[in-house]
Amino acid sequence: MNWEKELLPYHQATDELKAKFENIALQFERVEKTTPIFSVEARVKTVPSIISKAHRKKIPLDRVFGEIDDIAGLRIICRFVDDIHILTKLISERDDMKILLEKDFVNTMKPSGYRSYHFVVEYGLNTAFGKCSPRCEIQIRTLAMNFWAVTEHSLRYKYKGVIPETIKSRLVKAAEAAHALDSEMNAIRDDILDAEKSAKSREEMVRDIIHNIQELYGVSEMDAAQEMYNKFSTIWDVRNEEDLNHFYSDIQSIAQVHKIR
């Protein structure tokens, strides 16, 4: 078997997919000023790794490219759990890859403590030797999930796959702590976004109020304008949101009476 030639499409697939997701991250940054993608990692299994897995799974070498799903691998790291949901939806709606398998280990943790979201996809390519559709595994994790998984993997390698029960138990507890951290950070992010949205809404309301007062002056409704200005100054000093909302409704009604746009 010509391993180098057989693996060429997998290298091309990971290169193209990595570039695509990095570009998606850039587009989110430019439009939304934030992105669900923290980083993108790509790798193709080495020949010894492929052979070792084939022996473990009892897969003949002439069938490895049809039966091993993770020869090509992409790992997308997110900051928040909600970012994973954004990306799973995005991947599900793409037409440049065909989803063969989907596994949610985020909501349903593995007994070991492992959490991640997995896709196995077929990715269509035009190569120097014709068209093909290599399989690629896409893993989506938060930073906390990835830290746990990388650490657990290194321990599994150190103990040659047989991790002592005491260490296993501590790893599960560490996974639960990582999940709690993810949940809390997600909640904090939501609270910040809600506060920013509220502040933006308040800013727009105040801008509209000032505009309407200025327009009242502009149509020579001096008394009404002065009265509204005095009320607004009092409310602004007190900083009572409910009073501000009522005042906003009042001045909108006055603006309609005087046909202010």
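## Close-up views of a predicted model

View 1. Ile50, Lys53 and Ala54 are buried in helix 2, where buried means under 20% relative accessible area, exposed means over 50% and partly exposed lies in between (1.4 Å probe, protein chains only). These residues cover an arc of only 105° around the axis, which puts them on the same side of helix 2; the arc is that of the directions from the helix axis to the C-beta atoms. On the other side of helix 2, Pro48, His55 and Arg56 are exposed. Helices (H or I, at least four residues) and strands (E, at least two) are DSSP runs, numbered from the N terminus. The model is predicted, so that local features need pLDDT of at least 70 and side-chain atom pairs count only at pLDDT 80 or more, whereas totals for chains, interfaces and linings use all residues. Residues are numbered from 1 along each chain as its sequence is written, and side-chain values use heavy atoms, with hydrogens and water left out.

View 2. An open sheet of five strands has the order 1-2-7-4-3, with mixed pairing, two strands being paired if DSSP finds at least two bridges between them. Strand 1 and strand 3 are the edge strands, each pairing on one side only, and the twist averages 20° from one strand to the next. Strand 2 and strand 7 pair in the parallel sense over seven bridges, and Ile76 stands opposite Ile140 in strand 7. Helix 1 packs on the sheet, touching strand 1, strand 2, strand 3, strand 4 and strand 7, and its direction makes about 180° with that of strand 1. Helix 4 also packs on the sheet, where it touches strand 2, strand 3, strand 4 and strand 7, its direction making about 155° with that of strand 7. Axes are lines fitted to C-alpha atoms, for helices over the stretch in contact, and angles run from 0 to 180 degrees between N-to-C directions.

**View 3. Strand 4 and its two partners.** Six of the seven residues of strand 4 are buried, so this strand is largely enclosed by the rest of the structure. Strand 3 (residues 97-104) runs antiparallel to strand 4 and is joined to it by seven bridges, while six bridges join strand 4 to strand 7, also in the antiparallel sense. Val121 stands opposite Ile99, and the bridge partner of Val121 in strand 7 is Cys136.

**View 4. The largest nonpolar core.** This core has 38 residues, and those with the most contacts inside it are Phe21, Ile37, Val64, Ile71, Met97, Ile138 and Ile140; a nonpolar core is a set of buried Ala, Val, Leu, Ile, Met, Phe, Trp, Tyr and Cys residues joined through side-chain atoms within 4.5 Å. The largest share of this core, eight residues, comes from helix 1. Leaving aside its neighbours within four places in sequence, Phe21 is in contact (heavy atoms within 4.5 Å) with Ile37, Val40, Leu74, Ile76, Leu90, Ile91, Met97 and Ile138.
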